[in-house]
Amino acid sequence: MPEGAPKIRLSCVVNGTSVTCEAYPMARLLDVLREELNLTGTKEGCGEGECGACAIEMDGTLVNSCLVPALQAQGAKIRTIEGVACGGSLHAVQQAFITHGGAQCGICTPGMILAAVNLLARFPQPSDAQIRDGLSGNLCRCTGYMKIFESVVAAVRDTETRA
Amino acid sequence: MRAFLPAYELETPRDLAAAVSRMASEPGVWRAFAGGTDLMVLLEAGKLPHKKFLNIWDLAELRGIAVSSEYVTLGALTTYAEVRRHEILAREFPLLCRAAAETGSVATQNRGTLGGNIANASPAADSPPALLIYDAEIEIVSAGGARWVPYTSFHTGYKKMNLQAGELIRSIRLARSRGAWKQYFRKVGTRRAQAISKICFAGAGRVEAGRIAEVRIAMGSVAPTVLRAVRAEELLLGQRPEDAAVLLAAQDALGAEIAPIDDMRSTGRYRRNVARNLLAEFLEVLAS
């Protein structure tokens, strides 16, 4: 290629750890996470921002990592599904998904859990409508959604009980 | 086929001045790249012909919502999420907040920007009908300075707009003072969340002594550009909103102003029928 972009040196904080890797500036953050950083928990579904399987948190906001170019992750704080559990204990949302059958085949689960965790950070006591809105960007072809919805409701209840 | 990544350049300018100066030095070569919710989709599909982009996402000069006594001015990088949670916008410009809430999902709303929604120039975009209703003005900057243009005349054809090489949308402003309107917004898509519009309808108006004293109608996905249905508006002025004959005449006028097509999302015939029905629903809101 006579013209074009060389790879950039990308430094960001992923799940609390500073990482550096090389990537083309327009490479999808999804691919950087999976292929350069070996964090394969983040899944690719549609690759066009419709399904939410690749959802992660970037600087505290939920984004679809298939639509973020690597350059825009420079210096960002990123959380993927690998960073949701704290030490050996699962996040209340993760535990609720297990208890209430919120996960079946598992492809949508990492994005679904990130969307739910992000929702609870914004609305610790979400209404039913807020839960539906918060999860509306994540598609699931197994559960019919009700078990996922119920898992989030249960996670809110369990968090309250423990607090 | 996926894109060949080494062919794409994405550079971060230091500030807005550096961005427009870069765009001026090589006219047409560098284009703006903001939240990526449109451009990354094209890239992944191998359908992004342009290769050189300036990453404007971090430019502070394009961010923020400023409120004065006269205007609410939104930086071009204002996201749908920011529009959705802004209290003054929710109170005074509810159609814009409704459009923001119904565009994409939370993740898209965190990255998609108003400036991008305008510059992408899709006739199916959801915030433009609201912007038309509110007589939005757009501030365009280049190395040569800044100019304000009315949004009404901004889109000149399918994916064509009044934006030259080297120009960038800096902000969008909405005048605050106006009468107490009844406002109506309805987006019709394949499903409630995350759909691209089959048709999007925004309306606002005021009834005095039983007659329509002011009325505005704007639509998306029914023509090569988003549009104001000015003939239907003219016909409705001074009429009673519950008058069945007036509704029929206005529906016919509206039908003559739009040119919906068959595409992957819907048919022209369906869109035409829905446009008529939404006008009826809007008049019910005005009459209520």
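Biologist: What order do the strands take in the open sheet of three strands in chain B?

Modeller: This is a predicted model, to begin with. In that sheet the order is 1-3-2, and the pairing is parallel.

Biologist: Which strands are at the edges?

Modeller: Strand 1 (9-11) and strand 2 (31-33) of chain B are the edge strands, and each pairs on one side only. On average, neighbouring strands of this sheet are turned by 35° against each other, with direction ignored.

Biologist: How many bridges are there between strand 2 and strand 3 of chain B?

Modeller: Three bridges, in the parallel sense, link strand 2 of chain B to strand 3 (residues 52-55) of chain B. To find the pair on screen, look for Phe33(B), which stands opposite Asn55(B) in strand 3 of chain B.

Biologist: How many bridges hold strand 13 and strand 14 of chain B?

Modeller: Two bridges, in the antiparallel sense, pair strand 13 (residues 211-220) of chain B with strand 14 of chain B. Met219(B) has Leu227(B) of strand 14 of chain B as its bridge partner.

Biologist: What domains is chain B divided into?

Modeller: The assignment gives domain 1 (5-55), domain 2 (60-175) and domain 3 (182-287) of chain B. Taken over C-alpha atoms, the centres of domain 1 and domain 3 of chain B are separated by 36 Å.

Biologist: Now chain A. What are its domains?

Modeller: Chain A is divided into domain 1 (8-83) and domain 2 (92-162). Their C-alpha centres lie 21 Å apart. Domain 1 of chain A puts 13 residues into the contact, and domain 2 of chain A puts in eleven residues.

Biologist: Which element gives the most on the domain 1 side?

Modeller: Strand 3 (residues 55-58) of chain A does, with three residues. By class, that side of domain 1 of chain A has seven nonpolar, four polar and two charged residues.

Biologist: What joins strand 1 to strand 2 in chain A?

Modeller: Seven bridges join strand 1 (residues 8-14) to strand 2 (residues 17-23) of chain A, and the two run antiparallel. Ser11(A) has Thr20(A) in strand 2 of chain A as its bridge partner. The hairpin has two residues between the strands, and Asn15(A) takes a positive phi near 50° there. Strand 1 of chain A also pairs in the parallel sense with strand 5 (residues 77-79) of chain A, over two bridges. In that pairing, Val13(A) stands opposite Lys77(A).

Biologist: Helices next. At what angle do helix 3 and helix 4 of chain A cross?

Modeller: Roughly 135° is the crossing angle of helix 3 (residues 109-122) and helix 4 (residues 128-135) of chain A, whose axes come within 9 Å. That makes helix 3 oblique to helix 4 of chain A. The crossing is right-handed.

Biologist: Which residues make the contact?

Modeller: Met112(A), Ala115(A), Ala116(A) and Leu119(A) come from helix 3 of chain A, and Gln130(A), Ile131(A), Gly134(A) and Leu135(A) from helix 4 of chain A. Six are nonpolar, two are polar and none is charged.

Biologist: Last topic. How many residues of chain A are in contact with chain B?

Modeller: 27 residues of chain A are in contact with 24 residues of chain B. Strand 4 (residues 61-64) of chain A gives the most to the chain A side, with four residues. That side divides into 15 nonpolar, ten polar and two charged residues.

How values were computed: Residues are numbered from 1 along each chain as its sequence is written. Chains are lettered from A and ligands numbered from 1 in the order in which they are written. This is a predicted model: local features need pLDDT of at least 70, side-chain atom pairs count only at pLDDT 80 or more; totals for chains, interfaces and linings use all residues. Axes are lines fitted to C-alpha atoms, for helices over the stretch in contact, and angles run from 0 to 180 degrees between N-to-C directions. Angles under 35 degrees count as roughly parallel, over 145 as roughly antiparallel, 65 to 115 as roughly perpendicular and the rest as oblique. A crossing is left-handed if the near helix is turned anticlockwise from the far one by less than a right angle, and right-handed if clockwise. Two residues are in contact if their C-beta atoms, placed from the backbone, lie within 7 Å. Ala, Val, Leu, Ile, Met, Phe, Trp, Tyr, Cys and Pro count as nonpolar, Asp, Glu, Lys and Arg as charged, and the others, Gly among them, as polar. Two strands pair if DSSP finds at least two bridges between them. Domain bounds come from an automatic or database domain assignment.
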